[in-house]
Amino acid sequence: MTVMKVDLHCHSNVSDGVLAPAAVAETARKAGVDVWALTDHDEVRGIPAARAAAEAQGMRFVTGVEISITWANETVHIVGLQIDENNAALVDGLACTRSGRDNRGREIANQLALAGIEGAYEGALKYVGNPDLMSRTHFARFLVEIGACASTAEVFKKYLSEGKPGYVPHCWATLEQSVKWIRDAGGIAVIAHPGRYRFTPLAQGELFDAFKQLGGTAIEVVTGSHTPDQYPVYAQLANYYGFLASRGTDFHAPGESRVDFAALPPLPANVKPVWHDWW
Ligand code: AMP
Ligand code: MN
Ligand code: MN
Ligand code: MN
């Protein structure tokens, strides 16, 4: 039996990645990926190009999206897989979620100006591939460009996280909305990188319970946004809550992500993959 290399979490320049969808497909394929999903933030318009490129390269393509939500005052990301990207309610819901990103970007720039960094809106805009999707990542790239920080990770730490001078809170979709949009579009809802949120174990359990009750199916276990010691922890939690397990690099740019396509380990043997019945 051949083992398929599955990567179900990646970004293109249709959100805050740097490569066009077809170039992400090519990068994934070169690193040995057999089954691939593009999961841009709050956006499905990269999917047609991604699908065409994936099929041309002999990869099995999975439609995807990563929806920004606010839950218990914290930003959480919900991945939708196997969605119909033309579903009207999903398309409308995502458009609504994206609106406000530009104003938020202007406010981030105002805050950064107060902290002594001028021209951040225009600076970040140079990195934006989709005018509807200005992201903190684009600001991070600009701050690295001007030498304010050595890496995007440092920019987030010093400027763009909660409590820091360039942080502007934003109210995203709700958990209920995100799961409903995904399920009504025929998809599977997955909690992205659960180990990244700053929840107490109690709050995390409440998120898992609420997600399960709404019809959520899986959590990411092996992701470039987890540290390796979190893989077994979330594998065990997936089994405890009866969730399937997902895997993906959370690739944004060559050299920028924590883990490249080829380096991400497989899912632990004790979990049931979210793709277990896909082919
Ligand atoms: P936004 O949706 O505009 O709030 O931006 C969120 C994005 O910022 C995430 O999808 C990541 O790509 C990036 N991000 C968040 N935290 C960090 C971090 N600590 N280091 C690097 N990138 C980060
Ligand atoms: Mn991102
Ligand atoms: Mn995410
Ligand atoms: Mn992501």
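In this predicted model, the donor residues of the manganese ion (ligand 3) follow the sequence spacing E-x10-H-x115-H. They are Glu66, which donates through OE, His77, through ND1, and His193, through NE2, at 2.1 to 2.2 Å from the ion. His77 belongs to strand β5 (residues 74-81), while His193 sits in the loop between β6 (188-191) and α9 (201-214), so the two histidines tie together parts that are 116 residues apart in sequence. With a relative accessibility of 15%, His77 counts as buried because the cut-off is under 20%. His193 is buried as well, at 2%. The manganese ion (ligand 3) is separated by 5.5 Å from the manganese ion (ligand 2).

The manganese ion (ligand 4) has its own set of protein donors: His9 (NE2), His11 (NE2), Glu66 (OE) and Asp250 (OD), at 2.1 to 2.3 Å. Along the chain, the donors of ligand 4 are spaced H-x1-H-x54-E-x183-D. Within this set, Glu66 lies in strand β4 (residues 64-71) and Asp250 in the segment after β8 (244-248), so this pair ties together parts 184 residues apart in sequence. Glu66 is buried, at 1% relative accessibility, and Asp250 is also buried, with a relative accessible area of 7%. Between the manganese ion (ligand 4) and the manganese ion (ligand 2) the separation is 4.5 Å.

Definitions and conventions:
Residues are numbered from 1 along each chain as its sequence is written. Chains are lettered from A and ligands numbered from 1 in the order in which they are written. This is a predicted model: local features need pLDDT of at least 70, side-chain atom pairs count only at pLDDT 80 or more; totals for chains, interfaces and linings use all residues. Side-chain values use heavy atoms; hydrogens and water are left out. Donors are N, O and S atoms within 2.8 Å of the metal (3.2 Å for Na, K and Ca); water is not among the atoms, so sites may look incomplete. Helices (H or I, at least four residues) and strands (E, at least two) are DSSP runs, numbered from the N terminus. Buried means under 20% relative accessible area, exposed over 50%, partly exposed in between (1.4 Å probe, protein chains only).
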